[in-house]
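This report describes the spaces found inside a protein model and the parts of the chain that surround them. The reader may wish to keep the structure in view while following the text.

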Amino acid sequence: MTIAFSVEGELESWADTLLRLPAGVRAAIRAGHAEEAVRLLVAGGKRDENWLTDVVFHTRHPELRGRAIRPAERALAQEWLAVRTSIVHPVLTAPPAPTPATPAPVVSAPPARPVADWRLRALRAAGIDPARWDPDAGFTATRPIVERVYAYDMALFDHDERLLWAGMAKLAGAQVYRGLSVTQATIDAAAMTADQVVSADILISYASSVQVKLLIGQRAIFDDLAWQHQAFVEGGLPALEAAAPAGQVGAWRDIASGDPDRVRRGNRALLRHEQEVVLAPSYASIRDIPDFDQIPKRMSAEALSPIPGGKPFREVVPGGDITVFADRWKWIETDMLPAYEGLTPSRRRQLVDAPLADLADRRWPPG
């Protein structure tokens, strides 16, 4: 069955479609009242059944960014059909409601949600089943989830370009993806010679250990920061103020202000928290691998900036150790962030929207 998607054809991007919806419709969507959102749209003259279905479906799947469902995505196709059958069609075919004697009630703001709820909503938005997200399973088993994490980061930034951290997460994540791919190639190559080369097992052990620690770090970042972004996207600053620890709200107040300097300051605070607090255990565990610190030295020597024109770690922090926060932050603060923040908005969006594999191989889009 072929499903027509009118959202793509109507506007340039799903983010634009969402922003152009009436405020009452957006409030209903944020509150999870899909039927109310459809009723408001129908009352406003929207009666295209497919278009209405798209609106509900794509608010549930922001990671798709409005694109059409692909032939192999049968579960998504079934969900789309279910939305049309159970939500949109009944509203379109319902008899007209009598004119109310009093004004219709205003759709209430989304209720306060606990962090655990926002985290589950972020996972759903990213298309990730938490039961299947096991970093210890290695890169080959979790590659689809790794890719969905960075697609989610991209979708956040495309939705709201104040979310500079999310855009940086996509770009920097491409270099993590490159490192994961390199470790997997090392494991695969060593496995082919394991019967003939004594050191092959040691090489596999080292590469696997680094890989798992990188994957653990990725999940830690998602668990700590994705829910905050999801709450901000769905419920704005009030949702974060109701759920986040006081120490984290300040950064989001800066981001919500819209003032360019404060937006940059808020995003920098999120990035510093990620590097100094969230990733500290993963980097410490890499240093603890009994290899005479050869892995940190190699990581430090090979770390490249995810931003075009940015300098490698070894040039900014000669003799430094990228697994040590002070050295890593010096690289980020003095070179990487200025390069990223210095991009024009159109160039930044172009880079963030580039395919992950291209960014991992440093094949920058022309511009």
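In this predicted model, the lining of the largest pocket receives at least two residues from each of these elements: helix H8 (139-159), H9, helix H10 (200-243), H12, helix H13 (280-287), helix H14 (294-302) and H16. Among these contributors, H9 provides the largest share, with 12 residues. The lining comprises 48 residues, and those lying nearest the centre of the pocket are Gln 175, Val 176, Gly 179, Leu 214 and Met 299. The space in this pocket amounts to about 1300 Å³.

A search of the whole structure identifies 1 cavity of 30 Å³ or more. Its lining is formed by Leu 164, Trp 165, Met 168, Arg 264, Asn 267, Arg 268, Leu 271, Leu 337, Tyr 340 and Glu 341. Two or more of the lining residues come from each of helix H9 (164-192), helix H12 (260-278) and helix H16 (325-341). Here H12 gives the most, namely 4 residues.

In summary, H9 supplies the largest share of the lining of the largest pocket, whereas H12 gives the most to the lining of the largest cavity.

Methods
Residues numbered from 1 in each chain as written. Predicted model: local features only at pLDDT ≥ 70, side-chain atom pairs only at ≥ 80, totals over all residues. Heavy atoms only, no water. 1 Å grid on protein atoms, 1.4 Å probe; cavity = no way out; pocket = protein on both sides within 12 Å on 5 of 7 lines; lining within 4 Å. Points joined across faces, edges and corners; volume = space filled by probe spheres on them.
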